[in-house]
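Biologist: Can you walk me through this model? I'd like to start with the interface.

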Number of protein chains: 2
Amino acid sequence: MADTAHPPVDFRVDPARYRHWRLRIDGRVATLTMDVKEDGGLRPGYELKLNSYDLGVDIELYDAIQRLRFEHPEVGAVILTSGKERVFCAGANIRMLGQSSHGWKVNFCKFTNETRNGMEEACAESRQVYVCAINGPCAGGGYELALACERIIMADDGNTSVALPEVPLLAVLPGTGGLTRLVDKRRVRRDRADVVCTLEEGVKGRRAVEWGLVDELVPRSRLEETVRQRAAELAARSDRPTETRGVALTPLERTIEDDRIRYGHLVCALDRTRGVAEITVAGPAARPPADPAGLQVQGVAFWPLALARQLDDLVLHLRTNEEQLGLWVIRTAGSSDLVEAYDRLLADHAAHWLVREIRLYLKRVVKRVDVSSRSVFALIEPGSCFSGTLLELALAADRVYMLAGAREGDARPPAALRLTAMNFGALPMGNGLSRLAQRFLGEPGRVDDLKGRIGQDFEAGAAAEAGLVTFTPDDIDWDDEIRLAIEERVAFSPDALTGMEASLRFAGPETVETKIFGRLSAWQNWTFQRPNAVGPKGALQVYGTGQRAEFDRRRA
Amino acid sequence: MADTAHPPVDFRVDPARYRHWRLRIDGRVATLTMDVKEDGGLRPGYELKLNSYDLGVDIELYDAIQRLRFEHPEVGAVILTSGKERVFCAGANIRMLGQSSHGWKVNFCKFTNETRNGMEEACAESRQVYVCAINGPCAGGGYELALACERIIMADDGNTSVALPEVPLLAVLPGTGGLTRLVDKRRVRRDRADVVCTLEEGVKGRRAVEWGLVDELVPRSRLEETVRQRAAELAARSDRPTETRGVALTPLERTIEDDRIRYGHLVCALDRTRGVAEITVAGPAARPPADPAGLQVQGVAFWPLALARQLDDLVLHLRTNEEQLGLWVIRTAGSSDLVEAYDRLLADHAAHWLVREIRLYLKRVVKRVDVSSRSVFALIEPGSCFSGTLLELALAADRVYMLAGAREGDARPPAALRLTAMNFGALPMGNGLSRLAQRFLGEPGRVDDLKGRIGQDFEAGAAAEAGLVTFTPDDIDWDDEIRLAIEERVAFSPDALTGMEASLRFAGPETVETKIFGRLSAWQNWTFQRPNAVGPKGALQVYGTGQRAEFDRRRA
């Protein structure tokens with residue numbers, strides 16, 4: 001990361017270019033086969049043996065999951081399995097981790113976590129259910145991939161096992177939700193989870209079922225047939241339509257200049273001197289189609305879908321390739337009326353499969369902002385269109401500045417923001433709350449009140465009164481106040497800000513997802529800093545060298 | 001910590017020896033005045049200016065809180081204030097933090113967190129309510145102390161403010177729950193919390209009330225009177241009895257030999273070669289008194305209270321002074337019948353003020369085990385008495401080994417464990433669940449079933465069947481299996497174990513308390529490892545030297 005010796009990571013890929021996965025569609029059931037190319041690492045210095053993976057492998061997985069959702073409305077179940085003869089998946093590549101910077105490790109785990117959370121969301125919300133067929137040893141990140149599936153079916157063949165060997169082997173934690181999913185999702189008893197997580201060789205056979213580590217155990221000879229049958233049953237229960245065509249996720253266009261990234265509806269100025277990315281989101285240019293049929297005709301050109309794809313790519317790009325830009329400043333430009341019109345379409349046809357997918361995608365993209373280790377400020381100025389879906393970006397920000405009144409010499413009316421139905425539960429945070437509900441945890445009555453004001457324009461005074469914005473300087477103070485706020489923010493310790501933001505952004509209830517990004521990731525990041533893992537004699541560093549790790553035995 | 005240049009830390013203290021606090025009782029209202037002695041630091045190398053504190057100051061605070069609960073049944077409200085003319089409290093001493101090892105910082109924050117959680121428990125459960133009178137600048141840990149109070153009243157005098165300046169000043173997080181209490185306890189809006197936590201100078205006057213940072217603002221001249229009045233009102237609503245005497249917390253006796261610590265009901269063998277502390281808890285030697293009156297006569301000699309005090313001291317001692325002992329092995333010895341008889345007294349008279357205090361104290365002590373960064377194994381053997389309250393120690397363990405059948409040459413009957421009413425909610429974890437409910441999150445019916453089996457003896461087979469123990473080796477395998485399990489455990493990375501245990505021990509719902517020990521502490525520990533805080537040019541290291549901190553600007 002910020003590794004100038006290598007080209008920036010590109011998250012855009014398509015099945016024709018996959019090197020590590022095969023995607024096959026067979027009626028209502030798809031099969032996603034992991035078959036990692038050993039010399040296909042994203043960076044030199046390691047071989048992806050035993051179906052181990054790096055960021056490049058996971059980028060393809062993410063792409064496949066997205067395409068299954070949008071391009072294959074007919075698919076109701078996805079079989080996830082291995083294409084290797086003797087192994088399911090050995091997890092994240094250890095050499096890769098050993099040679100990576102702290103930031104790369106943390107960012108890698110964040111992306112892989114988001115991808116697995118997306119699989120669970122596909123099962124629960126998109127009714128495209130993942131079934132894992134474990135046909136060989138399945139360790140670390142391999143088992144965490146299985147844990148993200150709705151159903152885990154394991155071969156009973158003496159060779160196949162599930163394991164989380166990170167603690168005994170590498171002195172780090174399973175980095176992709178494994179611990180949390182064991183005790184919170186699968187509700188494995190804590191003492192058994194303790195045993196599992198300290199057993200290098202893992203658990204096989206009946207004990208794996210008895211302890212709740214997998215759902216079903218079948219002889220190797222019947223694995224494929226059983227999995228196919230389960231998948232067919234699950235697909236049959238899906239509400240996804242069989243008689244419609246999907247939306248092709250055609251290549252995403254962008255241009256990267258030295259200090260600027262442009263997409264169709266987004267532009268991002270990269271100020272590397274100050275450490276600031278200035279993102280401007282453009283509202284729609286025209287009215288929405290009348291109905292989902294019209295939407296389907298527009299396909300990826302439909303503004304909310306186009307925006308989701310562009311913002312998704314930008315967030316991933318900035319996180320991975322621009323780690324020195326610690327502050328993201330978000331503006332919008334366009335017509336609130338048009339944004340509201342699109343939101344109305346998304347609200348009125350929420351049950352339509354494609355509308356549902358687009359809403360879920362928007363939700364996932366704004367959640368990426370929530371868990372990004374970047375400060376986020378939203379600036380609301382005349383000409384902006386922070387309405388509904390776009391207002392969520394402001395509500396996801398650490399602070400919102402809104403210009404009060406008009407600008408001298410600017411004929412446009414004062415800035416206003418607007419609520420739509422999309423602000424009241426359509427785009428929840430990882431903890432299940434809408435950003436408004438979380439914002440007003442202490443005053444839930446405010447949310448009800450705001451619901452009655454959908455469609456109204458809130459100028460700065462009213463927005464402040466309603467608790468929707470943080471500060472409302474007028475034209476005289478605006479430039480100085482914004483400049484000072486930005487200068488101050490980027491001068492703070494990036495790490496302290498990351499810890500602070502991760503703590504302040506997630507008040508209220510906790511879910512498997514927030515526990516993974518809060519508790520588990522924080523402990524994982526801590527472990528990734530500790531000499532016992534990453535020091536010269538640390539377990540992660542000496543793994544595979546034949547040397548023994550040496551530990552400072554003091555408990556902290 | 002493990003700092004052999006200094007004597008071990010002793011957590012035993014009493015008001016006659018306080019150097020930093022004054023405790024005054026005035027009818028139903030007590031006043032606890034912080035007046036830190038500048039040259040009274042626990043270690044050389046720093047001066048405790050501006051009412052800043054170190055572990056020694058907090059040990060006295062903890063003692064005062066305990067005494068108020070046990071020795072002063074009549075006190076229904078406690079005023080917490082500063083004895084300094086110009087400052088309330090500047091928080092944890094920065095020089096002290098700067099010169100401390102990572103382990104010391106983490107352990108210090110854990111203890112201060114537990115003490116503040118205890119204040120909140122005193123307010124909610126013990127009906128001894130803390131009112132904070134902020135009579136001067138109140139920063140960092142000072143404000144976190146205020147946040148732990150039920151009511152915060154602040155002087156409006158132009159000098160008094162509340163602040164969490166850790167991020168801007170020191171590049172670390174407020175370490176004692178501040179971030180979580182802002183957004184989760186006081187439900188301060190997240191964008192306002194963001195502003196507060198980045199403002200070195202803090203917030204004063206009306207904004208502090210408007211933003212929910214304090215409850216009440218009064219002119220300096222009326223502060224004392226107002227606080228006294230509020231405290232009197234709160235005390236009048238307390239159910240604590242005015243017509244009874246408290247229990248004097250007489251000096252706790254213990255003997256520390258080189259490799260052994262002994263208390264009346266506890267002995268702990270310190271095996272520094274293997275890195276193991278072997279703790280044996282003795283059950284009661286005689287039947288309990290017939291009723292609370294008899295209990296009150298016994299005072300600190302009453303077995304459950306004596307045990308709570310001894311275990312409390314041992315846990316704190318081991319954590320702070322024996323950080324190389326990474327595994328605690330817990331055994332019990334005695335009569336299950338007698339433990340059950342004591343538990344029955346504690347259950348039958350739960351509403352009696354002293355019984356309530358003892359139950360709450362036992363709860364706090366077992367919770368200390370839950371959040372200790374040590375592996376915990378419980379060994380259940382013939383002659384043991386893991387019943388009720390003592391069974392909680394096994395349920396708090398990461399694993400439970402129970403010997404199946406009798407031992408060759410041992411005439412005693414096979415080991416058995418027993419449930420009492422105390423296992424069903426009297427001693428909840430920090431997340432509010434009983435350890436049984438948490439253990440069986442996935443099978444809640446088991447808890448109901450077990451409730452019907454209170455008082456029965458569970459030998460190894462039945463205990464395993466009921467899910468109460470992890471492994472049940474017989475006499476032939478026991479020694480080898482235990483030896484191997486211990487050898488294996490102490491060979492793992494201490495840090496990886498800490499992260500793993502912190503993740504596996506807290507499935508289920510989250511509370512302010514679990515968020516503080518999980519999410520917040522993990523991020524804090526991470527920050528405490530980062531070069532931006534603790535490297536040679538880190539903000540925590542250069543604070544006060546006149547040098548500027550230098551930051552690696554990459555976001556991780």
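Modeller: A definition to begin: buried area is the accessible area (1.4 Å probe) that two parts lose on being put together, summed over both. This is a predicted model: local features need pLDDT of at least 70, side-chain atom pairs count only at pLDDT 80 or more, and totals for chains, interfaces and linings use all residues. Residues are numbered from 1 along each chain as its sequence is written, chains are lettered from A in the order in which they are written, and side-chain values use heavy atoms, without hydrogens and water.

Biologist: What area is buried between chain A and chain B?

Modeller: About 8300 Å². Carbon and sulfur atoms give 55% of that. A:Arg190, A:Arg519 and A:Arg555 supply 14% of the area that chain A buries against chain B, more than any other three residues.

Biologist: How many residues does the contact take from each chain?

Modeller: Chain A gives 86 residues and chain B gives 86 residues, with contact meaning heavy atoms within 4.5 Å.

Biologist: How many salt bridges between chain A and chain B?

Modeller: The count is 16. The rule is a side-chain nitrogen of Lys or Arg within 4 Å of a carboxyl oxygen of Asp or Glu. One of them joins B:Arg489 and A:Asp194, at 2.8 Å, N to O. By class, the side of chain A that touches chain B has 40 nonpolar, 21 polar and 25 charged residues. Asp, Glu, Lys and Arg count as charged, and Gly is among the polar ones.

Biologist: New topic. What rotation superposes chain A on chain B?

Modeller: 180 degrees, with 0.0 Å of shift along the axis and RMSD 0.0 Å. The two copies are thus related as by a two-fold rotation axis.

Biologist: Why do the copies meet through the same surface?

Modeller: Because 100% of the interface residues of chain A are also interface residues in chain B.

Key
Least-squares fit on C-alpha atoms with pLDDT ≥ 70 in both.
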